[in-house]
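Hi,

Here is the structure I promised to pass on. Have a look at it first, and then read on for my notes on what turned up in it.

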Amino acid sequence: MNSNMANTILVGAQWGDEGKGKIIDVLTEEADVVVRTQGGNNAGHTVYDGPKKYVLHLIPSGILRKGRKNVIANGVVVDPIGLVNEIKGLQKLGVNPKGRLFVSETAHVVLPYHRELDAQREVLKGQNKIGTTKRGIGPCYGDKAARVGIRMVDLINLKRFQEKLELRLKENNEVLRALGAKPLSFKRVHADYAKAARFLKPYVTNTVVLLHECMRRGESMLFEGAQGTFLDIDHGTYPFVTSSNTSAGGACTGSGVPPHRMDRVIGVMKAYTTRVGEGPMPTENDEISDLLHGMGREFGATTGRARRCGWFDAVATRHAAMVNGIDDLAITNADGLDTVENIKVCIGYRDGKKRYDHMPSDHEVLNRVKPIYAEFEGWRKPLDNVRRWKDLPAKTRQYLRAISDLTGARLAIASVGPARCQTIFV
Ligand code: GDP
C-alpha cells in the first residue's frame with residue numbers, strides 16, 4: 001500500500017456504514033493529510049484504538065494519529081456546536097486537535113433553523129419521509145444552493161454573523177410559524193453560536209491554499225468519503241439520498257484539489273448489504289437482518305437505529321465502481337457471514353420478464369425488482385483471528401474474490417473485525 005498512497009479518494013460503495021472509518025484509520029498511517037469533503041455531522045465513523053472507542057462525526061480520522069494534518073474542507077457543512085463538542089471530547093480522551101485541525105473558511109454553517117426545518121419537513125412528508133438524521137444537513141445545503149447560507153468566514157466575524165443571523169432568522173421563523181413550529185430566539189442562537197465561533201476561530205483558515213501547499217511539498221492526501229455512493233444526490237437512489245455528492249467527484253469540488261491530482265480511488269463495501277432509513281434496497285432480507293442483529297451488529301453509530309440488512313448486491317457495487325472509478329476494493333465485515341451455510345449474491349434484477357444488469361434510475365422500479373441470486377458455500381468458521389490472506393479459509397477467499405470480480409475492481413483489503421489488527425492486505 002505504502003508506495004501507492006499518493007492522493008487517494010476513499011468512498012463507500014453501498015449505502016453508507018461500510019466500515020470506512022476503520023479502513024480510513026488504517027490508511028492514515030501512510031497519509032500526511034486527511035481531508036473531509038462533504039456531508040456534516042450526520043456521518044459517524046467508528047475507530048477502535050486498542051480498548052478506546054472513538055466515534056468521529058466531522059473531524060477526519062487522521063486526528064487519531066500523531067503528526068497528521070486534518071482538514072474539514074469547503075464541501076462540508078459544519079455544525080459549530082457539534083464540532084466544539086467533538087474537539088472537547090477528543091481532548092478528554094487525550095487527543096489534542098490544536099494545530100492539526102483546519103476548517104475551511106468557505107464551509108457552510110448548520111444553524112438551529114436547519115435542524116428544525118429538517119424535522120418539520122419530515123413530519124409533513126408522512127409516509128413518504130426520507131429517513132433524514134434531522135441534523136439540518138439537507139436544509140443547510142439547500143441554503144448554500146439558494147445562496148443565502150452563512151459560511152465559517154461569516155461566523156467568525158461576529159459583527160457580520162449578527163447581521164446575517166438576524167436576516168436569516170426573520171425569514172426562517174416565518175416559515176417555522178407557518179409549519180406550526182415554535183420560532184427560535186435570536187438572543188439564544190446568537191449567544192450559543194458566538195461562543196462556538198470564538199472557540200473555533202483558531203482552526204478556521206483557507207484550506208484550498210493549505211492543501212495546495214501540502215501538495216507542493218509532496219505530502220500525500222487521503223480524502224475520506226462520508227455516507228455511500230447510493231446516498232449521492234446525483235447518483236444515489238433519489239430522493240432517498242443525502243444532499244451532497246458522496247461519490248469520488250465530490251472530493252474534488254469539496255476540497256479545491258483538481259481531478260488530475262487524484263491518483264487512486266478505493267471503494268469500501270461490506271461482504272453483505274446494509275442501509276439506514278427509507279428507500280429501495282433490492283436484496284433486503286429478514287433472515288440476514290435477524291442473524292446480524294442477533295449478533296448485536298448493524299446498529300447505527302450516530303443514531304443507534306437498526307440498519308436494514310440484505311445479501312451482497314453486485315449490481316449495485318458494479319454501478320458504484322463505474323461512477324467512482326474504483327481501482328481497489330476494501331471488503332469489510334466478512335466475519336458477519338461466519339455462520340451462514342449458503343451465502344447469496346445478487347447478480348441481476350428481474351422485473352416481470354425484464355432483466356436488469358444495471359441499477360434502474362426509477363426508484364419505483366428499483367423498489368419492485370426481484371434479485372437474481374448466485375449461491376456460495378459458506379466457510380462456517382470464525383474469521384476474527386485470521387491475520388493473513390493465505391490463512392483465510394479457501395471458501396472465504398473464493399467468496400471475496402468473486403464479489404470483487406463481479407464488482408469489477410481489484411481486491412486490496414479484507415477486514416475481519418473492527419480492530420486495526422483485523423485488517424488483511426491481499
Ligand atoms: P462508516 O460510516 O462507513 O465509517 O462505518 P462505521 O465506521 O460506522 O462502521 C460500522 C461498524 O462496523 C463500526 O462499528 C466498525 O467498528 C465496524 N467494522 C468495520 N469493519 C468491520 C469488520 O470487518 N468486522 C466487524 N465485525 N466490524 C467492523
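One cut-off before anything else: a residue is called buried when its relative accessible area is under 20%, exposed when that value is over 50%, and partly exposed in between. Asn333 has a relative accessibility of 17%, so Asn333 counts as buried. Please keep in mind that this is a predicted model.

Asn333 is among the closest of the residues around the ligand, and its phi is near 60°, a positive value in a residue other than glycine. For background, most residues other than glycine have a negative phi, and most peptide bonds are trans. To find Asn333 on your screen, go to the loop between strand 15 (328-332) and strand 16 (342-351).

**The ligand**

How many residues surround the ligand? There are 19, and next to Asn333 the closest ones are Gly21, His45, Asp335 and Ser415. By type, the shell splits into nine polar, seven charged and three nonpolar residues. Helix 1 (20-27) contributes at least two residues to this shell, and strand 3 (45-49) likewise contributes at least two.

A polar backbone atom of Gly19 is 2.9 Å from an oxygen atom of the ligand. The backbone of Gly417 also has a polar atom facing a ligand oxygen, at 3.2 Å. With Arg297 the side chain is involved: one of its polar atoms lies 3.3 Å from a nitrogen atom of the ligand. As for cover, the ligand on its own has 580 Å² of accessible area, and the protein covers 89% of that.

**Aromatic pairs**

I also looked at the rings, and a search of the whole structure gives five aromatic pairs. One of them is Phe199 with Tyr203, a stacked pair with 6.4 Å from centre to centre and 25° between the planes. Are these two partners buried or exposed? Tyr203 has a relative accessible area of 2% and is therefore buried, while Phe199, at 27%, counts as partly exposed.

Another pair is Trp379 with Tyr399, which is tilted: the centres are 5.9 Å apart and the planes make an angle of 50°. This pair links distant parts of the chain, as its partners are 20 residues apart. Trp379 is in the loop between strand 18 (370-377) and helix 13 (394-407), and Tyr399 is in helix 13.

Now to the loop between strand 10 (221-224) and helix 9 (249-253), which is where you will find Pro239. The peptide bond that joins Tyr238 and Pro239 is cis, with omega at about 5°. Gln227 is in the loop between strand 10 and helix 9 as well. Gln227 is not a glycine, yet its phi is positive, near 55°. At 11% relative accessibility, Gln227 counts as buried.

**Asp328 and its partners**

Which side chains make polar contacts with Asp328? One is that of Arg264, at 2.8 Å, and another is that of Arg410, at 2.7 Å. Asp328 itself is in strand 15, and with a relative accessibility of 5% it counts as buried.

Cys421 is in the loop between strand 19 (410-415) and strand 20 (423-425). Its relative accessible area is 47%, so Cys421 is partly exposed. From Cys421 to Cys252 the distance is 31 Å, C-alpha to C-alpha, and the two are 169 residues apart in sequence.

That's my tour. If you want a place to begin, I'd open the ligand site and go on from there.

Cheers

How values were computed: Residues are numbered from 1 along each chain as its sequence is written. This is a predicted model: local features need pLDDT of at least 70, side-chain atom pairs count only at pLDDT 80 or more; totals for chains, interfaces and linings use all residues. Side-chain values use heavy atoms; hydrogens and water are left out. A residue is near a molecule or strand if one of its heavy atoms lies within 4 Å of it. A polar contact is a pair of N or O atoms within 3.5 Å; within protein, one must be able to donate a hydrogen and the other to accept it, and residues adjacent in sequence count only if both atoms are side-chain atoms. Accessible areas come from the Shrake-Rupley method with a 1.4 Å probe; for residues, only the protein chains shown count as cover. Helices (H or I, at least four residues) and strands (E, at least two) are DSSP runs, numbered from the N terminus. Ala, Val, Leu, Ile, Met, Phe, Trp, Tyr, Cys and Pro count as nonpolar, Asp, Glu, Lys and Arg as charged, and the others, Gly among them, as polar. Rings of Phe, Tyr and Trp (its six-membered ring) pair if their centres lie within 6.5 Å; planes under 30 degrees apart count as stacked, over 60 as edge-to-face and the rest as tilted. Buried means under 20% relative accessible area, exposed over 50%, partly exposed in between (1.4 Å probe, protein chains only).
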